[in-house]
Amino acid sequence: PMTDLINRRRALLGPNMSTFYDTPVHMVRGEGVWMWDADGRKYLDCYNNVPHVGHCNPRVVQAICNQAATLNTHTRYLHEGILDYVERLTATYDDPLKTAILTCTGSEANDIALRMAEAVTGKRGIIATDATYHGNTTLVSHLSKSNVPEVGFGLGQYLRHVEAPDSYRIHDPDGQRFAAKVQEAIDDLERSGIGFAALIVCPLFLNEGFPTQAQGWLRPAAEAVHRAGGLLICDEVQAGFGRCGSHFWGHQKQGVVPDVVTMGKPMGNGHPVAGLVTSAEIMTRFRKSFRYFNTFGGNPVSCAAALAVLDELQDMNLQANALRIGKLAHQRLAELARKYDVIGDVRQSGMVFGAEFVLGHDSKEPAVAYTDLVVNRMRQRGIILSKLGRHKNTLKIRPPMPFGEEHLDLLMTTLDAVLAETPVAA
Ligand code: PMP
């Protein structure tokens, strides 16, 4: 049956549709931090940040069902759902970030954010890091350097990539070096005649490998952006909704107030709702420059799902849980690092944590194949996680927020066993 599914996918969905793992997993059910495959095997989910308040969270499921059974339509009719939600959402933001647009995906939200920057500055130059991912629209997909698109309407000319931060290899304790790279890119865009519109970054650089950074690390870069009259767009698609533990939003941890913040993934716990917040001033500029409407964005069912996520985060104290479990995870990973030489660095930001595998502590050469092996062996032992970072040699552990101490213990005990049975190839 597994090969049947793989063949059907290829025939129906085309080639190059990625699956995780050497042997793909066929999941059929989820609950809390657990998933079950078609053979009834149970997996601990240490990877998925979309089921933020737990797989099939009953409160979210009920909210979706109730609203779906009542009314679901678009935002051209008056409805309290979107207003109640945006009020609650923007209450988590600092001034002046108090207006929102709701979309269905993070990609759309980033696409709008970039057009907002164009509307405000009258310029088109966009800066991103060289190891990032911000989504899949024609414009946004160019931000991923690894895409190297053969198609894309020549939009690449508007982009500049700066070196992604890497606390393990690049000395930049206060973000000054990163800010200088951003400044160089700004100058280059201005010289080219394209001009500088925006810097877009995940405030915690999660796709880049969540480098260890002091609070306020992003401030010098934010200052460079604002000095040049550009917009700072923070992509909180992964970093947001309490995941970093210390703050509700990653940019708050970084001590910056962005001009636009985009969100997605965990926002509806798996129901496709995403969006962005900005100031009333920027919103007005955008709304006057561009007629924007989204058929599904902000529909009553999406808003009910998203509101239930906020309620659940609050009632279950999940941000505090992320802070506590993150610290414990860091301790456990540090213990493993003392035991296994292959771990070069341990990093953590609340409920995102991982270890970087290297072939030697002096060379810091990424142990890429080794990382793959560990990820696959963990899967064989029923633990779902992945890898990321500039060299794809860092474990990506980013579980649903109700992840508790007993889950952490199972994860770390299993990782210990896998590392013990996986020698580093010479
Ligand atoms: N921004 C970041 C930081 C992401 O990680 C992703 C998805 N991996 C996106 C944007 C795109 O979101 P979506 O897939 O909902 O379009």
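## Terms and model

A residue counts as buried when its relative accessible area is under 20%, as exposed when that area is over 50%, and as partly exposed in between, using a 1.4 Å probe and protein chains only. Helices (H or I, at least four residues) and strands (E, at least two) are DSSP runs, numbered from the N terminus.

This is a predicted model, in which local features need pLDDT of at least 70 and side-chain atom pairs count only at pLDDT 80 or more, while totals for chains, interfaces and linings use all residues. Residues are numbered from 1 along each chain as its sequence is written, and side-chain values use heavy atoms, with hydrogens and water left out.

Strand β5 (residues 125–129) runs parallel to strand β7 (residues 196–201), and 3 bridges join them; two strands are said to pair if DSSP finds at least two bridges between them. Within β7, L199 is the bridge partner of I127, and A198 is the bridge partner of I126. Strand β5 also runs parallel to β6, to which it is joined by 4 bridges, and here I127 stands opposite R160 in β6.

## The sheet around β5

Strands of a sheet pair through backbone hydrogen bonds, either parallel or antiparallel. The open sheet that holds β5 has 7 strands in the order β4-β10-β9-β8-β7-β5-β6, and its pairing is mixed. Strands β4 (99–103) and β6 (159–162) stand at the edges with a single partner strand each, so one side of each is left without a neighbour in the sheet. On average, neighbouring strands of this sheet are turned by 20° against each other, direction ignored. Helix α3 (residues 80–90) packs on the sheet, where it touches β4, β9 (260–263) and β10 (274–278), and its direction makes about 120° with that of β4. Contact here means heavy atoms within 4.5 Å, while axes are lines fitted to C-alpha atoms, for helices over the stretch in contact, and angles run from 0 to 180 degrees between N-to-C directions.

A separate pairing involves strand β1 (residues 27–31) and strand β2 (residues 34–37), which are antiparallel over 4 bridges, with G30 standing opposite M35 in β2. The hairpin of β1 and β2 has 2 residues between the strands, and in this hairpin G32 takes a positive phi near 60°.

## Helix α4 and its contacts

The axes of helix α4 (residues 106–121) and helix α9 (residues 280–289) come within 9 Å and cross at roughly 90°. That makes α4 roughly perpendicular to α9, a label for angles of 65 to 115 degrees, whereas angles under 35 degrees count as roughly parallel, over 145 as roughly antiparallel and the rest as oblique. From α4, the residues I112, R115, M116, A119 and V120 meet I282, M283, R285, F286 and S289 in α9.

Helix α4 also holds D111, which is buried with a relative accessible area of 11%. Leaving aside its neighbours within four places in sequence, D111 is in contact with T137, L139 and V140. The C-alpha atoms of D111 and N136 are 9.1 Å apart in space, although these residues are 25 apart in sequence.

## Aromatic pairs

The structure holds 12 aromatic pairs, where rings of Phe, Tyr and Trp (its six-membered ring) pair if their centres lie within 6.5 Å, and planes under 30 degrees apart count as stacked, over 60 as edge-to-face and the rest as tilted. In one of these pairs, the rings of F178 and W217 have centres 5.3 Å apart and planes at 35°, so the pair is tilted. This pair links distant parts of the chain, since F178 lies in helix α6 (residues 176–192) and W217 in the loop between β7 and α7 (219–227), 39 residues apart. F178 is buried at a relative accessible area of 2%, and W217 is buried at 4% relative accessibility.

The rings of F248 and W249 have centres 5.1 Å apart and planes at 85°, so this pair is edge-to-face. Both F248 and W249 are buried, and together with Y93 and F241 they form one aromatic cluster.
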